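Biologist: I'm new to this one, and I'd like to learn how to read it. Could you show it to me and take me through it?

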Amino acid sequence: MIILGIILLVVGFLFGIPILWTIGLVVLVIGLVLLLLGSMGRAVGGRRHYY
């Protein structure tokens, strides 16, 4: 999810498409939150680790 967010951010910036920039930012933040929760040992969606 983090990689997808970064790709969407870059594509949105290069082509000047604001909706891709927004979606990329949201996906990136969600991915970072899930990564943080998973690294703290909290089960996310039934999984102990979120990669």
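Biologist: Is Trp21 buried, exposed or partly exposed?

Modeller: Trp21 is partly exposed, because its relative accessible area is 39%. Under 20% counts as buried, over 50% as exposed and anything in between as partly exposed, using a 1.4 Å probe and protein chains only. Keep in mind that this is a predicted model, where local features need pLDDT of at least 70, side-chain atom pairs count only at pLDDT 80 or more, and totals for chains, interfaces and linings use all residues. Residues are numbered from 1 along each chain as its sequence is written, and side-chain values use heavy atoms, with hydrogens and water left out.

Biologist: How many aromatic pairs does a search of the whole structure find?

Modeller: A pair of aromatic rings is described by the distance of the centres and the angle of the planes. Rings of Phe, Tyr and Trp (its six-membered ring) pair if their centres lie within 6.5 Å; planes under 30 degrees apart are stacked, over 60 edge-to-face, and the rest tilted. Searching the whole structure turns up 1 aromatic pair. In it, the ring centres of Phe13 and Trp21 are 6.2 Å apart with planes at 45 degrees, so we call the pair tilted. Phe13 itself counts as exposed, at 63% relative accessibility.

Biologist: And the helices? How do the axes of H1 and H2 cross?

Modeller: Two packed helices are described by the angle between their axes and the distance between the axes. Helices here are DSSP runs (H or I, at least four residues), strands are E runs of at least two, and numbering starts at the N terminus. The protein chain has 2 helices and 0 strands. The axes of H1 (residues 2–15) and H2 (residues 18–39) come within 7 Å and cross at roughly 160 degrees. Axes are lines fitted to C-alpha atoms over the stretch in contact, with angles from 0 to 180 degrees between N-to-C directions. H1 and H2 are therefore roughly antiparallel, a label for angles over 145 degrees.

Biologist: Which residues make that contact?

Modeller: Contact means heavy atoms within 4.5 Å. Among the residues involved are Gly5, Leu9 and Phe13 of H1, and Trp21, Gly24 and Leu28 of H2.

Biologist: What does Gly5 touch?

Modeller: Leaving out residues up to four places away in sequence, Gly5 touches Gly24, Val27 and Leu28. Gly5 counts as buried, at 0% relative accessibility.

Note on methods: Angles under 35 degrees count as roughly parallel, over 145 as roughly antiparallel, 65 to 115 as roughly perpendicular and the rest as oblique.
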